[in-house]
Amino acid sequence: MAKPSLFKGLLNRPAGQITMAVILFLALTVLADRFLRGWQLDLTADNLYTLSDGTETLLASLDEPVVLEYYFSRNLAAPYGQLLGYGKRVEDTLRAVVAASDGMVKLSVIDPEPFSEAEDDAVAAGLKGVPMADGSTLYMGLKASNSLDGEAVIPFFTTEREKFLEYDLVKLIAGFNTATKKNLTLLTSLPMQFGPGGAEAMMSGRAQPYVLYEQLSEFFNLQEIAEDFSEIPAETDVLMVVHPPALNDDQLFLIDQYVLKGGRALIFLDPHAEAANPRAYAPSASTLGPLLGAWGVAMPEGKVVGDAALAQRVQMGGLGPDSVKDYVFWLGINHEFMTDDDIVTGSIDNLNFATSGVLEQLDGATTQFQPLVTTSAASMLFDASRAVGMPEPDRLLKDLKPTGISYTLSARVSGPAKTAFSDKAAADAGPVNNPSVSEGDINIVLTADTDIFDDRFWVQLQELLGQRIVVPIAGNGSFILNLAEHIVGSEALLGLRGRGIAKRPFTVVDSLRREAETKYLAEEEALQKQLQNTEMRISELEAQEPEGGAILSTEQEAEIEGFRGQLLETRKALREVNRSLRAEIVGLGKWLAFINIALVPVLIILIVLIRLWLLRRRTAE
């Protein structure tokens, strides 16, 4: 009976109540960390720690367990706040993936100490480390494996990909069962396979395929179909149509049915493809006939867009500064005019388009139209004929009257659409093996330019020791490859977009810091000016000729001494100002640290004490 009395007596004392509250808080924290990791309350503005529906769908469909090994040098990252914060975010996201996988994903978090076996394992897995000043190496990468000997790694989680963290993780997991390359079927009239000289260049040994053609060949099983094709290969994972030749209705119907049946397609059309014939005196246009209208989209025929704000500076012949002019048909598109939260464009800095058309969503369209790349508002449409022959850049710039419209150059188009050939679809809808359909959900990307493939507009080519060195000057290659890779991904990948960035500027803190700096820096500036004037006056006095002798007069020495004293006082005041500024900023930091670390526990303790006090009062009554 002694123990209950002692416990009751302890609870009746304030010190005992505080002690018990602290113990209770710590115990709950430990238990929550041990057993409630899967539970979460995401209060971030962009739900950074909540997985998307597509990710959860993919995780629920896993049929083979996946083991994740996250190598994060937490101790080495500790001095670098941004890196440490991102490393923690990666770990939190991985734990959320594990919690949503119903046991199909296992996670190990490893802090590879320098010169340890864990570090050897990280190196063997193919992870890349950042060398530190002390000779150690910082790792922040992921190794994934499954029971079928499938392996994949993310060598290093760079902060540049922070917005796409969930996408990268889902892509890694989704790719385990797709070890083989995807099949890309290409239809084009451009000389992508042989370069500007076409087949003749190949026969003479001068063929230089487009860089993008080579890159697509590396990442996909690339199969090109002839202009007179009569079928789309059944094994096609993605159909890429780039400046197609004139197609008959049967060929258009094949594309129509491929798309309506869920086939993924990337379509690149152009009101004037310079790559087709740079010396052309008439626009080289491409179209898909009635298909765009059936998809709820239009590309104004015979119109190219000019943009004064995005015009590239081009050499027009001659020498001197007047030979370089703004050419409104060649657009250097920066990140501001690309959709920031799309997985394809979110990590691209710039794109180069040339004599591009524009895309518009039709009124009453049943499909969704999501722009990826746009012009600035300082743009207007020109007749495509203005872009052929010998365009006059000055004249074009003078004629450009900004419409205030931001035109769409590339867009995703998805959702329900109907066939453009209803009669054909009805006739083929009978009891055959592969009946035609009259409607379906489409998922395509349309772009109103094909010159983005042309090497001239996005890479510099160099020859070194017989090798062709490719130096990109724009993100056209990444844009095309991202599109192709993304559109053939799983539905989970298609549903993902860039998430809001985790970096949150401390606007209140920055404002307070700026106020403090403004207050002290104004005073510091005045003191610095006073200091300079005093030093200058001392220099002037010391440079004066002594009156009647080699030494300064008593009055001169007294004046110099007085200024030196003033100099010391000014310096002292200046140091005090700097010290006060630092103290105010440090004090602000300590106060914020207290709020972040101690305020919540203190509030919990106060709530517990108030609760106990109310119980005692109620018992006493």
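**Entry 1: Asp 256**

I started with one side chain. The side chain of Asp 256 makes a polar contact with the side chain of Thr 419, at 2.8 Å. I note here that the model is a predicted one. I then looked up where Asp 256 sits: it is in helix H10, residues 249-260. Next I listed its contacts, leaving aside neighbours within four places in sequence. They are Leu 291, Thr 419, Ala 420 and Phe 421.

Which side chain of opposite charge is nearest to Asp 256? I found Lys 261, 8.8 Å away. Asp 256 is buried, yet has no salt bridge. A salt bridge needs the nitrogen and the oxygen within 4 Å.

**Entry 2: Salt bridges**

Side chains of opposite charge can pair when their charged atoms come close. I searched the whole structure and got 10 salt bridges. One of them joins Arg 412 and Asp 342, with the closest N and O atoms 2.8 Å apart. This pair links distant parts of the chain, 70 residues apart. Arg 412 is in strand E18 (residues 408-418), and Asp 342 is in the loop between strands E13 and E14. Are these two residues buried or exposed? I found both Arg 412 and Asp 342 buried.

I went on to Asp 399 and Arg 386, whose closest N and O atoms are 3.0 Å apart in a salt bridge. Asp 399 lies in helix H12 (residues 393-399), and Arg 386 in the loop between strand E17 and H12. Asp 399 counts as partly exposed because its relative accessibility is 24%. Arg 386 is at 31%, so it is also partly exposed.

Arg 456 and Asp 454 meet in a salt bridge too, at 3.2 Å from N to O. Asp 454 is buried, with a relative accessible area of 7%. Arg 456 is partly exposed, at 46%. I also noted a network: salt bridges that share partners join Arg 74, Glu 91 and Arg 95.

**Entry 3: A nonpolar patch**

A nonpolar patch covers about 830 Å². Its residues include Trp 591, Phe 594, Leu 599 and Trp 613. I checked Leu 599: it lies in helix H17, residues 554-620. At 30% relative accessibility, Leu 599 counts as partly exposed.

**Entry 4: The whole chain**

I counted 17 helices and 21 strands. The chain has 621 residues, and 40% count as buried. The accessible surface comes to about 33,800 Å², with 56% belonging to carbon and sulfur atoms.

Notes. Residues numbered from 1 in each chain as written. Predicted model: local features only at pLDDT ≥ 70, side-chain atom pairs only at ≥ 80, totals over all residues. Heavy atoms only, no water. Patch = residues over 30% accessible without salt bridge, like charges linked within 9 Å, V, L, I, M, F, W, Y side chains within 5 Å. Areas by Shrake-Rupley, 256 points an atom, 1.4 Å probe, with all protein chains shown as cover. Helix = DSSP H or I, 4+ residues; strand = E, 2+ residues; numbered from the N terminus. Buried < 20%, exposed > 50% of the residue type's maximum accessible area, 1.4 Å probe, protein only. Lys, Arg positive; Asp, Glu negative; His and termini not counted. Polar contact = N/O pair within 3.5 Å; in protein donor to acceptor, adjacent residues only side chain to side chain. Contact = heavy atoms within 4.5 Å.
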